[in-house]
Amino acid sequence: MNSKPGHQLAILLCILFSFIINNSQAEEKNVQPGINDYYYDAEFSQWLSTFESPGREVFDKKDIIIQTLNIKPGIRIADIGAGTGLYTIPFAQKVGKKGLVYAVDISTDFVTNIEKRAKKQDLKNVIGHINSQKEIGLAQDSIELAFISNTYHHFEYPLTTLKSIYQALVPGGKLVIIDFKRDPKISSSWVMGHVRAHKTKVIEEVESAGFKLLNDHNILEQNYFLSFSK
Ligand SMILES: C[S@@+](CC[C@H](N)C(=O)[O-])C[C@H]1O[C@@H](n2cnc3c(N)ncnc32)[C@H](O)[C@@H]1O
C-alpha cells in the first residue's frame, strides 16, 4: 500500500481515540465482590443491636455528628445505606414536615422496617427506597444532602454509584461520608481486612466523580468525616 504519512497519522489517531473512548466507557469492575451477601437477606431485629449499641462510634457520637451537619428544616436528604435507620429517624425529625428523608438501602428488610419505625413515630416524611448495588436510583436534583455512614466501603461499584449520587444532588448540594479510617496504627485487624480504601483514596475517588472536598471534620477517632459539594 502506498499511503501518505498524513493518512497514516490520521489512521493512528483514529485508533487511539477509539481506544480511549472504549476504555472510558468500560463498565466498572466490582471492587468488593460478596461484601454485601449477608445484607440481602438481613434480619432487621438481629442487626438493630449490632448497629445501635454503645461501642460503635457512629452510634456513640450520633448527636455531635448531626449537630455538625447543621441540617435546615425543609431539606431533602438521602440516607444511603440506611441500615436500621440510626440516622434516618433523627434526620426526619430535623427536616420537619416540609422536608424529606429517603432511607436508601439494598436490603428490603431494612427499608421496610425503617418505614415501620417512622410510622410508629408518626414521621410521614420518610420514604423507603430499595436501590441496586450500582446506583441509588433517585431522580435528578431530588436531594440537598447525601449522607453515607459506614457504607462507602460496602459500595461494590463506587464510581458508578457516586455518579448516581452526583445526579440526584441539586447544584451546590452536599455529600457527607463517614467511614472507618484504614490506618494500621489505629485500626483493628477486622477494619484492615474488611475496609478497602483509606481516607486519601476515598477523597480521590469522590473528587474524580466531580465533587469538591469542603471539610475534613476532625471530630471522630475511628472514622473520618468528610463533606463534599457538588
Ligand atoms: C454497616 S451498615 C451501615 C448502616 C447505617 N448507615 C449505620 O451507620 O448505622 C451498611 C449498610 O449499607 C447497605 N448497603 C451496602 N451497599 C449499598 C449500596 N450500594 N447502596 C445502598 N446501601 C448499601 C447495607 O445493606 C447496610 O444496611
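Predicted model: local features only at pLDDT ≥ 70, side-chain atom pairs only at ≥ 80, totals over all residues.
1. Basis of the description. Residues are numbered from 1 along each chain as its sequence is written. Local features need pLDDT of at least 70, side-chain atom pairs count only at pLDDT 80 or more, and totals for chains, interfaces and linings use all residues. Helices (H or I, at least four residues) and strands (E, at least two) are DSSP runs, numbered from the N terminus.

2. Strand β1. Five of the five residues of β1 (residues 76-80) are buried, so the strand is largely enclosed by the rest of the structure. Buried denotes 20 or more other C-beta atoms within 10 Å of the residue's own, exposed 12 or fewer, and partly exposed in between, with C-beta atoms placed from the backbone. In a regular strand the side chains alternate between the two faces of the sheet. Both faces of β1 are covered, with Arg76, Ala78 and Ile80 on one side and Ile77 and Asp79 on the other.

3. Pairing of β1. Strands pair if DSSP finds at least two bridges between them. Five bridges join β1 to the parallel strand β2 (residues 100-105), where valine 101 is the bridge partner of isoleucine 77. The chain passes from β1 through helix α6 (residues 88-95) to β2 in a right-handed β-α-β crossover, that is, with the strands pointing away from the viewer, the path from the first strand over the helix to the second runs clockwise. Three bridges join β1 to β4 (residues 143-149), also in parallel; there alanine 78 has alanine 146 as its bridge partner.

4. Helix α8. In α8 (residues 158-168), the buried residues are Pro158, Thr161, Leu162, Ser164, Ile165 and Ala168. They cover an arc of only 160 degrees around the axis, which puts them on the same side of α8; the arc is that of the directions from the helix axis to the C-beta atoms.

5. Glutamine 133. This residue lies in the loop between β3 (126-130) and β4. Glutamine 133 is partly exposed, with 16 other C-beta atoms within 10 Å. Its C-alpha is 9.1 Å from that of aspartate 105, 28 residues away in sequence.
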